[in-house]
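Work through the exercises below with the structure open beside you. Try each task before you read its solution.

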Amino acid sequence: MYKLHKFNKIIISFNILLLFSSCEKIFEFSPYEANVNTEFKNTTNKNLQLINDIQLNSDTFSFAFVTDNHYHYDNLRSVIDDINKKDDILFVIFGGDIADQALLKEYEIFYNIMKNLNKPYLTVIGNHDYNSNGEVVYKQMFGEYNYSFEFNHNKFVIFDDVVWESNKNPDFDWLSTQLTDNALFKQVFVVAHIPPFTDQFDSDMEQAYRLLMQENNVQLSIHGHVHSYSFGKVYNDSVNYLTVPWLKKPTYCIINVFDKAFDIELVAL
Amino acid sequence: MNKRNTFTLFAILVFTNVFANDTTLIKVKGWYVPDYTKVQFAGNIGLLSVGFGYQFLNNHLYSELLYGYVPASISKTEVIHTITVKNTFPILNKEFKTITLSPITGFTASFETGNNSFLKLPDKYPSGYYSPNAFHFTIFIGAKVHKNFINQKIMRGVDLYFELGSVDTYIWYTVLSKEVKINQIFSSAIGINLYF
């Protein structure tokens, strides 16, 4: 046993008391809880409404694609701060791997950082987000795994293509249905965490995805997962595939959308 | 002396020490009989966790085996079962009349069953795709009040304790990132130990 100086004791006790009184949650029962705060729920629908409310009198606009946070929270914040300064970016799509172990706490930290964004954002679920009880947390905090929306006569399809962690095959029937009305839109963009040409897709799935993109005039298929930048026509057809780097470094992409074309900017802060 | 021998010697020393304590202090019961039983509320090892514990190293270490439970109505997913080994160290013991007040610190090691978590990576993943995610450590600081009962026939005494703690992963994120604040990662626990 050693003796603490009385002054130190007071300081330590005071700090413990201060920490206790400032705790965001007084009690926590398990890292695997999926008890999402009501304020954090239904994020996708809230943001879809915000995107729907944007008034735009031009064919040209931009959106940002940020992906694979895992636990690089400071870089996520830097990227958000940079996007906030760019008025031509109207919304942000986050490409999955919001979390690393998919613990509720990780989702909450992500949510709190994204509160700093001054424009709407949407998410697609990544393979890491399915771990532990992440599937349940994601559903409560964000909403459906598959959804689509229209913006300025362009169609965006957000597609859950996680195979191993979700213990299911990607719902290609749903994707196909979503793409049937492609002729009504100037351009069609598909967002899925895992690129079809990587680990979790077998050759049948890859073929199915490739054909759906090609036959439905999809201009751009956007992905994360591989943690590096690549852009081009992977299958020698009309479809461009983009993979965006992870947040281990503060990097993201801006997609500038024109009347019937787009271009890509890679931003490295 | 190689590592294994050192460990064996250490184990023997600890064991004899424990045994010696037991034989001098608690004359009737065997070394394997727990010294106390425990109920804890919260602390990232269950809504409620229950178990039993031993006093080691001349009461410098309190070691416990606990089972924690979170019902589905609270977890908002499946029921969460947690098996925990908890170690508490009283930093010092201050006596006030009939009670003893101790600042405490310690750690837990927990294993959680089910819910897409695993100790060994399932075969569908390439090797190294994920680290095992069914294990977590917590660390805590707090305070404990101990009182010995006057009538010791049924129970010898009781501890009430309060702790502030956090989980390994959360602490790692706070260290890595200034965006993760310390008040986001600490939460409290309360509990009771009843001594046989």
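**Exercise 1.** List the buried residues of H4(A), then find what covers them.

*Solution.* Helices (H or I, at least four residues) and strands (E, at least two) are DSSP runs, numbered from the N terminus. A residue is buried if 20 or more other C-beta atoms lie within 10 Å of its own, exposed if 12 or fewer, and partly exposed in between, with C-beta atoms placed from the backbone.
Step two: read off the residues. They are Leu104(A), Lys105(A), Glu106(A), Tyr107(A), Ile109(A), Phe110(A) and Met114(A).
Step three: look at the cover. From chain A it includes H3, strand E3 (121-123) and helix H5 (134-141). From chain B it includes helix H3 (168-176) and helix H4 (182-185).

A note on the source: this is a predicted model, where local features need pLDDT of at least 70, side-chain atom pairs count only at pLDDT 80 or more, and totals for chains, interfaces and linings use all residues. Residues are numbered from 1 along each chain as its sequence is written, while chains are lettered from A and ligands numbered from 1 in the order in which they are written.

**Exercise 2.** Describe the side of chain A that touches chain B.

*Solution.* Step one: count the residues. Contact means C-beta atoms, placed from the backbone, within 7 Å. By that rule, 33 residues of chain A are in contact with 37 residues of chain B.
Step two: name the elements of chain A. Helix H1 (6-22), helix H3 (73-84) and helix H4 (104-114) each give two or more residues. H1(A) has the largest share, four residues.
Step three: sort by type. Ala, Val, Leu, Ile, Met, Phe, Trp, Tyr, Cys and Pro count as nonpolar, Asp, Glu, Lys and Arg as charged, and the others, Gly among them, as polar. This side of chain A has 19 nonpolar, seven polar and seven charged residues.

**Exercise 3.** Outline chain B.

*Solution.* Chain B has four helices and nine strands. Their order is α-β-β-β-α-β-β-β-β-β-α-α-β. Of its 196 residues, 31% are buried.

Terms used. Contact = placed C-beta atoms within 7 Å.
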